[in-house]
Every structure is written in structure tokens, then in C-alpha cells.
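User: I'm new to this structure and would like to learn how to read it. Could you take me through some features, one at a time?

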Amino acid sequence: MTASPMIEIRNVDKSFGNFKALDTLNATIGEGEFFSLLGPSGCGKTTLLRMIGGFDTPSSGEILIGGRSMDGIPPNLRPTNMVFQSYAIFPHLNVSENIAYGLKRLKLGREEEEKRVREALVQVELSGLGPRMGNQLSGGQRQRVALARALVMRPKVLLLDEPLSALDKNLRAQMQVELRHLQRQIGITFILVTHDQYEALSMSDRIAVMFSGQIAQIADPKEIYQNPATRQVADFLGGMNFLTSSQLAIDGRHFNAVLPGIGEISGHLAGKEISDPSSAIIGIRPERLRIVWEGETAEHLVTARVVDRNYFGEVTSLVVGVEGQAGHLSIVETNDFGADDIPVGSDITITYDGDAFIIMQG
Amino acid sequence: MQPSAPTLPVERSGRRTGGPRFLQTETGKGWLTISPPLLYAVLLLIGPIIVIITHSFWTQDYLTIDRTFTLDNYKAALTEPIYRDLLLRSLFVSVTVAFVTVILAYPVAWFVSFHGGRYKGLWLFIITVPFWSGYLLRILSWKVILGYKGVLNSGLLYLGVIAEPLNWLIYNVNAVIITLAHSWAAFAILPLFVSLEKLDRSLLEAAADLGDGPVRRFLRVTLPLTMPGIIAALLIVMIPTVGDYVTPRLVGGKDGVMIANAIQVQFGKASNWPLGAALAVSTMIIVSLVAGAIVLMLLGLKRLFK
């Protein structure tokens with residue numbers, strides 16, 4: 001992350017009666033960083049975003065933007081702008097008027113205002129749509145207008161509340177790329193709220209994964225995926241095979257364990273602290289398990305029985321049972337060698353990448 | 001038995017059953033559905049209007065009606081100073097009442113919609129409670145409040161604010177305006193409430209986000225987007241108040257007489273239906289024009305705040 005902090009979240013709590021929506025959150029978001037708040041619905045990510053924007057107030061704790069406490073400062077006086085989930089496009093104004101909405105108050109003069117609106121229209125590729133009324137736009141267009149309307153204010157921080165969730169799949173993928181480019185180009189801090197793990201992984205510099213009002217892990221996407229701090233994080237981001245183990249031993253930066261039916265394995269803690277080894281659990285990502293085809297030689301051979309097979313086009317997901325393991329394991333294989341033709345019920349030989357085991361707090 | 005080919009329901013389109021084809025279409029069914037209330041409305045609304053309009057071109061000839069076409073009634077209605085003054089006063093009163101009512105009703109509707117919380121229904125219920133009593137009763141209670149020895153005067157006397165009762169509280173145009181504004185409050189609150197309810201709250205958050213404080217948010221978002229409700233409320237109050245003749249009669253005194261009182265006289269004591277009809281038709285047309293002008297003005301006003 002970059003050197004100077006743009007946003008500091010200090011011990012922020014939010015309670016609704018007895019319900020703790022946010023529980024002692026702490027985070028620092030850097031200048032020019034693309035930061036995502038990822039979590040299932042109801043985890044408090046939107047509440048936190050709205051607090052940064054000034055639409056909700058913390059029950060205790062404080063939020064600093066650019067080193068200044070935002071205590072008691074209403075949204076209209078904060079250096080943030082928001083892209084709302086519903087986009088909140090003013091239906092009685094046309095696209096240009098929507099984009100110019102916030103500029104009017106700045107009294108920039110007609111020429112400067114028109115110039116900025118024109119630039120914003122170009123930036124979000126809506127040139128020519130200026131006179132279209134706000135209530136005559138498609139979902140993608142509304143999203144772009146909302147983005148332009150916020151960016152034209154030149155905020156220090158842009159807040160995005162699930163901005164892509166209303167778009168169809170292809171448009172969403174396209175907008176993910178565009179948003180990322182836009183953020184790099186203008187270099188301001190983006191804070192994105194999303195429940196889509198791939199969106200968070202592909203767009204962010206860092207991700208905060210939240211569950212029931214708490215931040216479970218803050219790290220860059222690769223770290224979050226490859227080295228999830230807890231079982232919950234691992235489960236939420238992609239598939240994870242949780243393994244039955246015995247004789248788990250943690251020493252310094254390594255761990256050793258015996259996995260029934262698989263064998264003796266070891267791995268790195270990768271900077272993690274396992275506070276309670278008795279509840280720790282070992283896992284491996286499905287793509288780190290491979291099928292061993294006939295005639296191939298490999299280490300770490302494990303015999304498994306195919307329980308189920310799911311075809312996804314470019315890959316096939318196999319669900320296999322290994323004797324000694326309580327749960328079924330899932331393997332993701334490309335279809336180059338015929339993984340999509342393996343009959344359910346047959347026995348296959350699989351292998352694993354020796355360095356791919358992860359230890360997590362259960 | 002011969003194996004027969006399975007019979008398929010062929011020719012589903014087109015004339016399946018009897019009856020005119022028009023009634024099978026969506027539009028036809030629609031007309032069929034609304035026809036009872038439509039007939040009712042035509043008979044009871046359009047019918048009387050036709051009767052009034054035809055009468056307005058005839059002449060009262062003592063006890064009978066002379067049915068030769070004439071514009072004399074309109075000439076009288078539009079040129080006689082008494083009718084012109086009454087019409088202008090009626091317009092003034094109804095437009096004032098409409099604006100006063102809407103201005104007073106808007107905060108109430110706003111409060112219920114934005115801060116009513118779980119009790120919105122209860123609030124609306126409470127607002128309608130006064131309307132369970134009769135119209136006359138409400139007017140008479142204003143007479144009790146505004147009268148020479150009324151609640152207001154005796155209250156002020158008791159407090160020593162005034163030395164003797166104020167005699168300008170009742171029996172004038174102001175009293176008519178106050179009474180009517182109160183009488184029609186609920187009819188203004190309800191459409192305003194509905195339009196405020198329809199207002200997407202995230203638009204107000206967006207306006208705040210873009211730098212607007214409460215006042216600018218109201219002028220730039222709430223007001224233009226609730227304009228349909230404001231217009232509806234204004235018209236709902238204004239149009240019927242032009243024709244009110246009970247309130248002016250009871251609290252208006254001789255200065256508060258309105259055009260409807262004159263029309264009532266023509267249809268009653270004076271027994272000159274054609275003149276009354278011409279007055280009614282002229283009023284109707286002029287009120288429509290004024291209402292249209294107000295709507296255009298407000299729509300223009302809406303474009304002003306951006």
C-alpha cells in the first residue's frame with residue numbers, strides 16, 4: 001500500500017439496540033488505493049461504507065479522512081462521493097444536468113462547468129447522451145452516469161456501493177476492467193463494497209473480508225486467496241477442501257500433520273499466528289489437486305473414488321471420496337485429458353502439490 | 001374401431017366463440033369492465049353539464065323558458081359589475097385558499113412521510129378524524145372560534161392583549177379563507193403524502209453526497225419531484241372552493257359573498273335558471289383557464305431549480 005493513509009477507521013462500533021452491526025473495526029486505507037469490502041449480505045460492509053460517506057454515524061469510534069476526524073460532518077461537507085447501489089439518478093434531470101448537479105453549487109462559471117461535464121461524458125463513454133432524461137437510461141448507462149456524476153466532483157475518495165450488481169454478466173466483466181483502469185488513471189482512493197469474490201479479487205489492491213460485523217482479514221487479493229486467515233475467509237473466496245488431520249504440530253514457521261488416506265504433509269505458516277492449534281484446520285484448494293493419468297509418474301499418489309462430476313465447459317469439477325477423510329474432496333481439472341469423461345463410481349489416482357497445504361484458524 | 005388421429009385444438013386464433021370480435025380483445029374487455037361506472041359517470045356528470053349548457057342559451061320568461069338561442073345570459077354574466085366582482089373575488093379566494101392549504105399541508109405530509117416511521121397509518125388516521133364530523137359543523141366551529149364573543153376574542157381579552165373584542169375576525173374574506181383552508185386540509189395532505197412517499201430517498205442522499213444542504217436538497221430534488229402531488233393538491237382544493245356557497249354564507253358576511261352564492265340565488269329565489277346556468281358555465285371555463293395557468297406556472301418553476 002501507499003505511504004500516506006487517506007482513511008483511518010478507528011475502533012468503529014455500530015449497534016442497533018442489542019444487535020452489533022459493526023464490532024470494533026480498525027483499518028487504514030491508503031491514498032490512491034483500490035480497497036474492497038467483501039462479505040456476505042448483512043456483514044456490515046455497506047454500513048461501514050455509508051459511515052465513511054457520512055450517511056450513518058458510528059455508535060463509537062471515529063473515522064478520519066485525510067487526517068481529519070469526520071465526527072459530526074454531514075455528507076455534503078465530506079471529500080467523498082458515492083456511487084449508490086440504486087445509482088440514484090435524478091429522474092427529472094437529463095444526463096448532463098445529472099452530472100452537473102454537484103458542480104452548480106461550486107459556481108465554476110458556465111464554461112468550466114460545461115467543459116467538466118463534457119470531459120466526464122467522454123470519460124465514461126456517454127458522449128452524445130447528454131440530453132437524454134435520467135429516467136430513460138438502461139442499467140449500464142445509469143451506472144456510468146452515477147460514476148461520472150461522482151467523479152466530476154473530483155473527490156479524494158470514491159465510494160462504490162455494489163455498483164455492478166445490477167448489471168448483466170458480460171457488462172459487469174467489462175465494467176470491472178473499466179473501473180480498474182479509471183482508478184489507475186485518476187489515482188484517487190476507491191472503496192468498493194461487493195459480495196462478489198471475483199470482483200474483489202480482480203479489481204482491488206487490498207481486500208477486507210467481513211463477517212457479521214467484524215473484519216476477518218485485510219490483505220491483498222493473492223494473499224487472501226492463497227493464505228486465508230480463517231476457515232470462513234477460505235470458504236467465502238473460492239472452494240476449499242478442508243481435511244481431516246491428526247498429529248498436527250506447529251513449530252515456529254512450519255506445521256506438520258498426518259492426513260488419513262493422504263499421508264504426512266508439511267507447510268508454511270506464512271506469517272500467520274495460530275492462537276489455538278486444537279481448532280486449527282488444514283485445507284487445500286481444489287485446483288491444487290490433480291488427476292494422475294495412466295502412464296504418468298508422480299509423487300504423493302492417493303486413491304480416490306469419484307462421487308460426482310460437474311461439467312463447466314472449460315473445466316470439470318470432480319467430487320471424490322478418499323478413505324480416512326471425513327468430507328468429500330473437490331478437484332478442478334481442465335478438460336484437455338478427458339476429465340469430463342471419467343465415470344462416476346470409478347476409482348482414480350490423484351496427487352497434490354506438496355506446498356499447497358494451508359493451515360487456518362477454524 | 002378405427003384408430004383416429006389425435007385431435008388437436010386447431011385454429012385457436014380468430015372466432016372461437018360467438019359475440020362481437022371487439023369484445024374478445026384486451027381493449028374490448030377493458031371497455032366492458034369499466035362500462036358500468038362509465039355509464040354512471042356519463043349519466044350523472046356529463047348529463048347535468050349538458051342540461052346546464054343548453055339552459056345557458058335560453059331565456060327565462062316568467063314561469064316558462066323561452067328556448068330560442070341567445071347569448072344575452074353570457075353578456076350579463078360577464079359584463080354586469082356585480083357578477084364580475086363576485087367571480088374575481090371567488091377566484092382570489094379559491095386560489096389563495098389552495099396555496100395557503102398546500103403550504104400548510106406540505107410540512108404535515110412531509111413529517112408523516114419522513115418521520116412517521118411505524119405510525120404513518122395512525123398519523124393519517126388522526127389527520128382524517130376532524131372530517132368525520134359534518135362539513136357544516138366544522139364551519140360553525142370556526143364561527144365559534146372567530147366570532148365577536150368567540151374563543152379567540154375572549155382568550156385575547158382574558159390575556160389582556162386586546163381591550164375590546166376584534167370585530168374584523170369574522171364576516172369577511174379572511175374568515176372565508178381560514179375556514180376553507182382548514183376544511184380542505186386533509187384533501188391536500190393526502191396527495192402530497194403520496195407523492196412524498198414515492199420519492200426515492202436515495203435521491204436525497206445522492207444530493208447530499210453531491211454537496212447540497214437540506215434547503216438545496218428540498219428545492220432541487222424534493223420539490224420538483226413532488227410537483228405532481230402539489231399540483232394535484234392545489235387543484236383538488238381550488239376547484240371545489242370556487243363553487244362553495246355554504247362557507248361564505250356562514251362566515252363571510254356581506255364582504256365574503258362568492259359567485260356560487262349568486263348562482264344559488266338564480267337557481268333558487270330569483271328563479272332565473274338560464275342566467276344561473278350561464279354564470280355556472282362562465283365560472284367553469286374561467287376556473288379551468290386559471291387552473292391551467294397555475295399548472296403551467298408551477299411546471300415552469302420546477303425547471304428553475306436545477
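This is a predicted model: local features need pLDDT of at least 70, side-chain atom pairs count only at pLDDT 80 or more; totals for chains, interfaces and linings use all residues.

User: Let's begin with the cores. How many residues does the largest nonpolar core have, and which of them have the most contacts inside it?

Analyst: The general idea is that in soluble globular proteins, nonpolar side chains tend to be buried together. Here, the largest nonpolar core has 104 residues, and A:Ile99, A:Ala146, A:Ala148, A:Ile191 and A:Val209 have the most contacts inside it. Helix H4 (residues 139–151) of chain A supplies the largest share of this core, six residues. Domain 1 (5–231) and domain 2 (239–361) of chain A each put in at least three residues. Apart from this core lies another one, of 49 residues, including B:Leu87, B:Val102, B:Ile177 and B:Leu275.

User: Which residues does A:Ala148 touch?

Analyst: Leaving out residues up to four places away in sequence, A:Ala148 touches A:Ile99, A:Ala120, A:Leu121, A:Gln123, A:Val124 and A:Leu126.

User: Now a helix. What span should helix H11 of chain B have, and what are the ends doing?

Analyst: You count residues and compare the expected span with the distance between the ends. Helix H11 (residues 227–242) of chain B has 16 residues, so at 1.5 Å a residue it should span 22 Å; its end C-alpha atoms are 22 Å apart, which agrees.

User: Which residues of H11(B) are buried, and what do they pack against?

Analyst: The buried ones are B:Gly229, B:Ile230, B:Ala233, B:Leu234, B:Val237, B:Met238, B:Thr241 and B:Val242. They pack against four helices of chain B: helix H3 (81–115), helix H7 (173–183), helix H8 (185–198) and helix H14 (273–304).

User: What about backbone angles? Where is B:Tyr62, and is it buried or exposed?

Analyst: B:Tyr62 has a phi near 55 degrees, a positive value in a residue other than glycine. B:Tyr62 sits in the loop between strand S1 (59–61) and strand S2 (64–66) of chain B. B:Tyr62 counts as exposed because it has 7 other C-beta atoms within 10 Å, and the cut-off for exposed is 12 or fewer.

User: And B:Tyr171: buried or exposed?

Analyst: B:Tyr171 is buried, since it has 20 C-beta neighbours inside 10 Å. B:Tyr171 also has a positive phi, about 60 degrees, although it is not a glycine. B:Tyr171 is in the loop between helix H6 (151–159) and H7 of chain B.

User: How do I read separation along the chain against distance in space? Where is A:Thr349, and which residues does it touch?

Analyst: You put the count along the chain beside the C-alpha distance. A:Thr349 belongs to strand S20 (residues 347–352) of chain A. The C-alpha atoms of A:Thr349 and A:Gly362 are separated by 29 Å, and these residues are 13 residues apart along the chain. A:Thr349 touches A:Val292, A:Leu301 and A:Thr303, not counting residues up to four places away in sequence. In chain B, B:Ile294 of helix H14 is 169 residues from B:Phe125 in sequence and 30 Å from it in space, C-alpha to C-alpha.

User: Last one: how many residues does each chain bring to the contact?

Analyst: Chain B brings 15 residues and chain A brings 20 residues. On the side of chain B that touches chain A, helix H9 (201–209) and helix H10 (214–225) of chain B are the elements that give two or more residues. H9(B) gives the most, with six residues. By type, the residues on that side of chain B are seven nonpolar, three polar and five charged.

Conventions. Residues are numbered from 1 along each chain as its sequence is written. Chains are lettered from A and ligands numbered from 1 in the order in which they are written. The expected span of a helix is 1.5 Å times one less than its number of residues. Two residues are in contact if their C-beta atoms, placed from the backbone, lie within 7 Å. Ala, Val, Leu, Ile, Met, Phe, Trp, Tyr, Cys and Pro count as nonpolar, Asp, Glu, Lys and Arg as charged, and the others, Gly among them, as polar. A nonpolar core is a set of buried Ala, Val, Leu, Ile, Met, Phe, Trp, Tyr and Cys residues joined through C-beta atoms within 7 Å. Domain bounds come from an automatic or database domain assignment.
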